[in-house]
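Me: I have just opened this entry and would like to go through it with you. Could you begin with whatever term I need to follow along?

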Amino acid sequence: MWHGGYTVFTVFDFLGAEELKKRDPIMLHKTSTLHRNRSVGYASGGYSLIRILDGSSLLLVAASIGLFGAAGCWDDLPSETIVCGNGVKQIGEKCDDANQEDGDGCSADCGRIEPGWTCTGRIRSICEPVCGDGIVVGSEECDGTNLGEATCSSLGRGDGQLACHEDCTFDYNNCSGLCGNGICEAGESSACPADCSCMSLAAGGDHTCAVLQDGPVWCWGRNELGQLGDGTHNSRNQPVQVQGISSASALAAGAAHTCALLQDGSISCWGFNESGQLGDGTNNSTNQPVQVQGISSASALVAGQYHTCALLQDGFIWCWGRNHLGQLGDRTHNNRNQPVQVQSISSASALAAGRYHTCALLQNGSVWCWGDNACGQLGDGTYNNTSKPVQVQGISSASALAAGALHTCALLQNGAVWCWGNNELGQLGDGTNNFTNQPVQVQDISSASALAVGEYYTCALLQDGSAWCWGRNDSGQLGDGTNNWTNQPVQVQRISSASALAAGATHTCALLQDGAVWCWGKNDFGQLGDGTNNSTNQPVQVVW
């Protein structure tokens, strides 16, 4: 309706602020607070304004010239208290990007545009880096000759001279290497792991770790207790690099801790440490590696649920961590946060650790075990726990060992596999579900080259590169495309050229001859490393 010399009309609140922005107004300015659903427009002389309320805030819109008039009227508006961070550039503000943070172009007090940025717009200032000013900010990788601390080597591109493109992205043309070319060049094992082969694997309760060429360690999966070693407690479904480890040669993983054997013979561990399983003289858990005390010439290591053992170059064994069932083999039941020597073993060549028991392969091919024996997992013909090593019956030509929660297996020199202990879920692979405190032969396996034992299942790598598994399979950890438990070996699908296996609680991984890693089974914490948390009963490739 007409009222005096002004046009007065009501605009109902049918457009929200987000919709108004889509209608391409020249300006949208928050002024004061009114009651909802009250919107009044004024037209007078050469200026036209519409006041529209959205929520509890009054918004002013000047539509484009030619529809309602000129937009210059904003300078005539009465100023109000400046509210930095409300997303509206008011008189006295240089910018307002709807937050009060530094480092994004608009200063925290909205009083300046930060160096290296340009900010435009009255409605939620849009700040973008200025490429070409020599200042590296925001999404810029570089700017002119300013490369930050980056070099060809640090970016995994070999040697040479790094440069900067005109669009402020790195120019690798004068670097000798190229990430993604499948060649592991200087620095790429950290900066470009996809180009570098995995050298060894270890699987823990719900996490997995790998040593890459040149010795860095990458882990993925559950990380609540710091078992990934990346300085956080965030679980990961793709590999992250362990901090401070650059020269590892082997790994071992327990329920929630991980250890790395370094090339100089020392050992570093990280993760859960309530029982002293990190061996650093404390019981403090840590998400970064700490050095095991007193170990300087290790040649192998294994981890049980809450204990760790190392084989030294002289054939002696030292263990640390939980010892309530004698799993440290020192003839006590005292937990240790520093290594203690296993009694009566002086010529070991390999080790295996189960939940609460440990076994050693001697140089003469015999096997000795100690710790928990409730299910006959020590293989000595009894069910008696012991804190000192006892000999496994009937095994005299073993070449490798592996241990699960309550069972143990030995690979013989002729390629056959024998197992003993708990068999409730068929993990002994003898076609029965009978417990046994003496070794029984796994059916249909005659050319095995390596073993991996999970919590309640077992896998064997054959000489032809295929993998076969048996036992519990509710999470698909046998990899045969089903979730059916079996007391006889079944072939893992999609694996035909494996060189090593690793088994966690309910997941399994294979290292292929080309250096790729494939995993299968439970994946609720990302322990398969494929970028998802979807469990699978068939192998999927780890994504670097």
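Reply: A pocket here is an open set of grid points where a 1.4 Å probe fits, with protein on both sides within 12 Å along at least five of seven lines. Please note that this is a predicted model.

Me: What volume does the largest pocket have?
Reply: The largest pocket has a volume of about 1,200 Å³.

Me: How many residues line the largest pocket, and which lie nearest its centre?
Reply: The lining comprises 46 residues, and Ala203, Val302, Ala303, Val453 and Ala503 lie nearest the centre.

Me: How do the lining residues divide into nonpolar, polar and charged?
Reply: There are 31 nonpolar, 13 polar and two charged residues in that lining.

Me: Which strands each supply at least two residues of the lining?
Reply: Among them are strand 11 (198-203), strand 19 (298-303), strand 31 (448-453) and strand 35 (498-503).

Me: Changing topic: why is strand 17 described as largely enclosed?
Reply: Five of the five residues of strand 17, residues 267-271, are buried, so the rest of the structure largely encloses this strand.

Me: Which residues are on each side of strand 17?
Reply: Ile267, Cys269 and Gly271 are on one side, Ser268 and Trp270 are on the other, and all are buried.

Me: Which residues does Cys269 stand opposite?
Reply: Cys269 stands opposite Cys259 and also opposite Val290 in strand 18. Strand 17 pairs antiparallel with strand 16 (residues 257-262) over five bridges, while three bridges join strand 17 to the antiparallel strand 18 (residues 286-291).

Me: What phi does Gly265 take in the hairpin of strand 16 and strand 17?
Reply: Gly265 takes a positive phi near 95°, in a hairpin with four residues between the strands.

Technical notes. Residues numbered from 1 in each chain as written. Predicted model: local features only at pLDDT ≥ 70, side-chain atom pairs only at ≥ 80, totals over all residues. Heavy atoms only, no water. 1 Å grid on protein atoms, 1.4 Å probe; cavity = no way out; pocket = protein on both sides within 12 Å on 5 of 7 lines; lining within 4 Å. Points joined across faces, edges and corners; volume = space filled by probe spheres on them. Nonpolar A, V, L, I, M, F, W, Y, C, P; charged D, E, K, R; others polar. Buried < 20%, exposed > 50% of the residue type's maximum accessible area, 1.4 Å probe, protein only. Pairing = 2+ DSSP bridges.
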